[in-house]
Amino acid sequence: MTSTTRLTVAQALVRFLAAQYTERDGVRQRLIGATWGIFGHGNVAGLGQALIEYGDDMPYHQGRNEQSMVHAAIGYARQSNRLSTHAVTTSIGPGATNLVTGAALATINHLPVLLLPGDIFATRVADPVLQQLEVPYAGDISVNDSLRPVSRYFDRVMRPEALIPAALQAMRVLTDPVETGAVTLALPQDVQAEAYDWPEEFFAERTWVVRRPGADPTELAEAVRAIRAARRPLIIAGGGVHHSRAEEALAEFAETTGIPVASTQAGKGSLRWDHPQDVGAIGHTGTATANELARQADLVIGVGTRYTDFTTASHTLFSGDGVRFLNLNIAPFDGHKLAGQPLIADASSGLAELTASLRTHDHRVTESYLGEYTLDKDRWEYRVDAAYEADEPDVRPTQPQVLGALDAIVDESDVIINAAGSLPGDLHKLWRARSRDQYHLEYGYSCMGYEIPAAIGVKMADPERNVWALVGDGTYLMMPTEIVTAVQEGVAIKMLLIQNHGYASIGGLSESVGGERFGTAYRYRSEDGTYTGAPLPVDLAANAASLGMRVLRAKTVGDLREALAQARAADTPTCVYVETETADTVSGAPPAQAWWDVPVAETATRPSAVKARELYDRHVSTRRRHL
């Protein structure tokens with residue numbers, strides 16, 4: 001007879017989660033490393049009580065905002081190579097709907113996170129409960145249904161015994177390298193507290209092996225033929241290189257063949273910046289070197305990339321006659337993009353197989369091609385040096401000079417985190433990534449507010465690293481609350497807070513598309529009603545200090561260098577605050593090297609919009625569909 005244990009649904013779930021493990025390449029670790037939670041009536045007596053009951057098995061972290069708890073869990077998951085993540089529990093109502101943004105970020109970036117929102121009564125004995133959304137045409141809908149389109153798996157556990165298949169399916173999706181993303185188990189508050197006789201097997205340790213599928217022999221042979229026939233091949237390294245830990249396999253492939261490697265935002269750092277085959281960032285925020293190679297490429301080898309519009313310059317970048325695409329990707333959906341030739345495999349396995357096959361043919365690009373991109377790479381590095389350079393230590397820095405000061409004090413152990421504003425463009429073009437995981441940019445969703453909580457998650461996953469959250473004033477005002485969590489938990493993140501008085505990135509974009517920077521500056525209203533008065537007298541440094549963070553103010557380049565060095569050596573959460581020069585421009589970095597499609601008003605009377613539309617029409621005419 002099967003032995004059973006009588007527990008509540010919430011207690012059973014916590015015990016189950018504590019016994020789940022992943023394994024890849026012989027390395028085994030906890031799948032759910034901890035649970036974040038904010039409690040209300042929808043989860044306090046269920047999961048809240050269960051986390052007390054089994055606190056020795058499941059660590060708990062207290063958050064301040066439900067969305068930012070998800071960001072912290074995602075940061076932890078990415079730093080853990082998607083092999084470990086955190087769970088997040090909230091009450092019903094606004095606590096649950098606050099999860100939606102974080103869930104979308106996780107799913108878009110293929111990063112695992114487990115969401116456990118409370119829900120309405122399954123028994124309907126107290127309808128409508130506090131915070132319940134009543135839908136006249138359906139009795140089984142709650143606000144948690146808003147999580148369905150942004151979750152890779154969703155289930156509502158309406159009876160205790162339904163937890164068993166739901167929990168197993170949730171773990172399957174979290175550990176699937178193709179399907180992973182946000183997983184939601186909605187838990188009615190009465191069911192959470194209900195007792196059930198659980199089979200002991202449900203709580204046994206379970207190891208989920210993360211697959212590394214190799215390539216189909218036919219697809220591999222066709223891929224080798226395509227590479228051997230190419231005269232000007234170019235590799236685009238996407239986030240899948242990092243997820244697979246395929247950096248060494250990519251380096252070996254590039255060194256063997258001499259093929260240059262450009263990187264997306266998610267793929268940057270796949271090769272070190274000074275690797276001979278690394279030609280920098282690709283696309284709208286890319287380098288002149290990589291983008292010119294892209295324009296002339298006859299074969300584009302995408303490795304673990306989704307080909308977003310920034311990467312393809314809205315389908316205007318790859319303009320060479322007869323250009324074709326070879327897509328090495330573990331996800332068939334991405335492998336077939338741009339009418340590409342698919343090579344469906346794990347990035348590490350597929351690259352190793354390609355390298356071995358090409359070695360047998362002694363295949364390598366021509367010396368003239370190698371010399372061409374090497375020279376262009378050197379030229380671009382001179383431009384980076386010029387952007388970073390600050391001869392006068394007593395002046396206010398530009399944003400690139402801020403990055404240059406940071407670049408001068410970090411080493412390969414530091415991690416920099418960013419997600420939104422003008423910083424992603426400057427970082428993609430200029431940052432010199434020294435290690436595979438130094439460059440942590442969330443640009444799949446480009447979510448303002450991600451940086452600070454993600455830095456906490458990364459630091460929790462890798463406590464010995466210096467972790468920097470690079471934050472503009474717009475992002476800071478969106479979500480500074482987890483500074484309190486960093487202080488409470490003693491998580492010594494570093495925050496570089498850059499003040500430029502508004503949404504500088506969107507301000508520059510607005511100007512370029514005829515929007516005249518409308519509504520993008522943080523300024524008082526002028527007499528004409530526009531936001532063109534003096535900058536608002538906000539003191540973000542004082543705000544960060546009021547939340548418990550040590551703050552170092554830097555007014556000049558010299559101050560900044562000293563403050564960054566102090567922050568790096570600090571063992572408590574520390575902020576470096578700096579106001580940048582050229583506050584009414586994006587950054588002063590090299591301009592975009594490729595286009596990005598942001599539709600412009602087709603008809604207008606204002607001269608700025610008319611001129612912008614003329615330029616837009618010229619760019620649109622260069623777009624092509626790859627068939």
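Select Ala-339 to begin: this residue is partly exposed, with a relative accessible area of 36%. On the scale used here, buried means under 20% relative accessible area, exposed over 50%, and partly exposed in between (1.4 Å probe, protein chains only). The model is a predicted one, in which local features need pLDDT of at least 70 and side-chain atom pairs count only at pLDDT 80 or more, whereas totals for chains, interfaces and linings use all residues. Residues are numbered from 1 along each chain as its sequence is written, and side-chain values use heavy atoms, with hydrogens and water left out.

**Backbone exceptions**

Ala-339 sits in the loop between α13 (332-335) and β17 (341-344). Helices (H or I, at least four residues) and strands (E, at least two) are DSSP runs, numbered from the N terminus. The phi of Ala-339 is near 55°, a positive value in a residue other than glycine. Most residues other than glycine have a negative phi, and most peptide bonds are trans.

Next, select Asn-81, in the loop between α3 (66-79) and β6 (85-90). Asn-81 is not a glycine, yet has a positive phi of about 60°. Is Asn-81 buried or exposed? Asn-81 is buried, with a relative accessible area of 13%.

Then select Asp-127 and Pro-128, which are joined by a cis peptide bond with omega of about -10°. Pro-128 belongs to the loop between β7 (113-119) and β8 (153-156).

**A sheet of 3 strands**

Now display strands β3, β2 and β11, which form an open sheet in the order β3-β2-β11 with mixed pairing. Because β3 (27-30) and β11 (206-209) stand at the edges with a single partner strand each, one side of each is left without a neighbour in the sheet. Neighbouring strands of this sheet are turned by 30° against each other on average, direction ignored; the axes are lines fitted to C-alpha atoms, for helices over the stretch in contact, and angles run from 0 to 180 degrees between N-to-C directions. Two strands pair if DSSP finds at least two bridges between them. Strand β2 (residues 20-24) and β11 run parallel and are joined by 4 bridges. To inspect the pairing, select Gln-20, whose bridge partner in β11 is Arg-206.

**Two helices**

In helix α2 (residues 44-53), select Gly-46, Leu-47, Gly-48, Ala-50 and Leu-51, which are buried. They cover an arc of only 165° around the axis, and therefore lie on the same side of α2; the arc is that of the directions from the helix axis to the C-beta atoms. On the other side of α2, Ala-45 and Ile-52 are exposed.

Continue to Gln-189 in helix α7 (residues 189-192). Gln-189 is buried, at 14% relative accessible area. Which residues does Gln-189 touch, not counting those up to four places away in sequence? They are His-41, Gly-42, Ile-92, Asp-119, Ile-120, Phe-121 and Val-129, where contact means heavy atoms within 4.5 Å.

Select Asp-559 in helix α23 (residues 557-569). Asp-559 counts as partly exposed, at 33% relative accessibility.
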